[in-house]
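Hi,

Here's the structure I said I'd pass along.

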Amino acid sequence: MNYLKRLFVSFKGQIDQVADEFENHEALAGAAIQDLQALAGKTRLHLHRVGKLSEHYQKQLQEQQEQARLWSERAVKVRATDEQKALQCVKRLRDTQRQIVVLEQQYRDSSAQEAKIREDLNAIQEQLQVLKNKKEILAARQNRANLQGALLNQAGTRLPDVQTVFDRWEGSVVSAELETPDRIETDSFASAFEQEEDELALRMMLDELDGQSESAEKR
């Protein structure tokens with residue numbers, strides 16, 4: 001039993017050692033994945049903000065385009081009756097067109113930036129999935145390698161086969177059982193009949209002896 005205890009302690013110690021190494025690698029990989037997840041979260045936030053900005057520019061652009069249409073119609077409408085008012089309408093139209101040019105550039109820039117951020121986010125998410133899958137595969141492979149390595153001591157020789165130890169133990173128990181005869185259980189009911197039958201046989205033998213004795217005396 002002491003040998004089994006020493007074997008268990010030795011085996012458990014090596015398992016704990018390789019488990020610590022395994023957990024260190026897994027922890028580092030997990031930390032890297034968490035960093036990438038944090039980066040994905042920040043990128044997603046930037047994408048949301050730039051998307052809102054693009055929507056804002058697009059809305060303003062549509063409003064200014066509508067204003068340009070109105071000022072153009074007004075200028076044409078009042079030119080025949082009030083040229084000065086028509087010129088003021090044209091001036092408003094020109095200012096609006098300048099604003100449209102600025103908004104169009106801002107909208108193009110924000111849309112382009114939004115597309116780049118979306119591409120970055122997709123790339124991060126793809127890489128994140130690759131790393132997660134790789135982590136699981138490597139964890140499974142290293143776990144198997146560590147368990148196999150735990151069966152080898154530092155000198156490179158195999159530890160005693162645990163199954164062999166238990167086989168020997170079982171053999172010892174079987175030998176002890178064979179050396180100790182099993183207690184024969186008695187059936188009291190059957191024993192009563194057997195005792196009566198034995199007594200009857202004895203009486204028959206006694207009667208036979210008496211008969212032989214009487215025959216001898218008659219001779």
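**The largest pocket**

Twelve residues line the largest pocket, and His25, Ala29, Lys134, Lys135 and Leu138 lie nearest its centre. Helices α1 (2–78) and α2 are the elements that give two or more residues to that lining; helices here are DSSP runs of H or I, at least four residues, numbered from the N terminus. A pocket is an open set of points on a 1 Å grid over the protein atoms alone, where a 1.4 Å probe fits, with protein on both sides within 12 Å along at least five of seven lines; lining residues have an atom within 4 Å of a point. The space in the largest pocket is about 200 Å³, taken as the volume filled by probe spheres set on the points, which are joined across faces, edges and corners.

Before you go further: this is a predicted model, with local features needing pLDDT of at least 70 and side-chain atom pairs pLDDT 80 or more, while totals for chains, interfaces and linings use all residues. Numbering starts from 1 along each chain as its sequence is written, and side-chain values use heavy atoms, without hydrogens and water.

**Ser110**

Ser110 sits in helix α2 (residues 83–149). Is it buried or exposed? Ser110 counts as buried because its relative accessibility is 6% (buried is under 20% relative accessible area, 1.4 Å probe, protein chains only). Leaving out residues up to four places away in sequence, Ser110 touches Val50, Ser54 and Tyr57 (contact: heavy atoms within 4.5 Å).

**Overall**

The protein has four helices and zero strands.

Cheers

Methods
Buried < 20%, exposed > 50% of the residue type's maximum accessible area, 1.4 Å probe, protein only.
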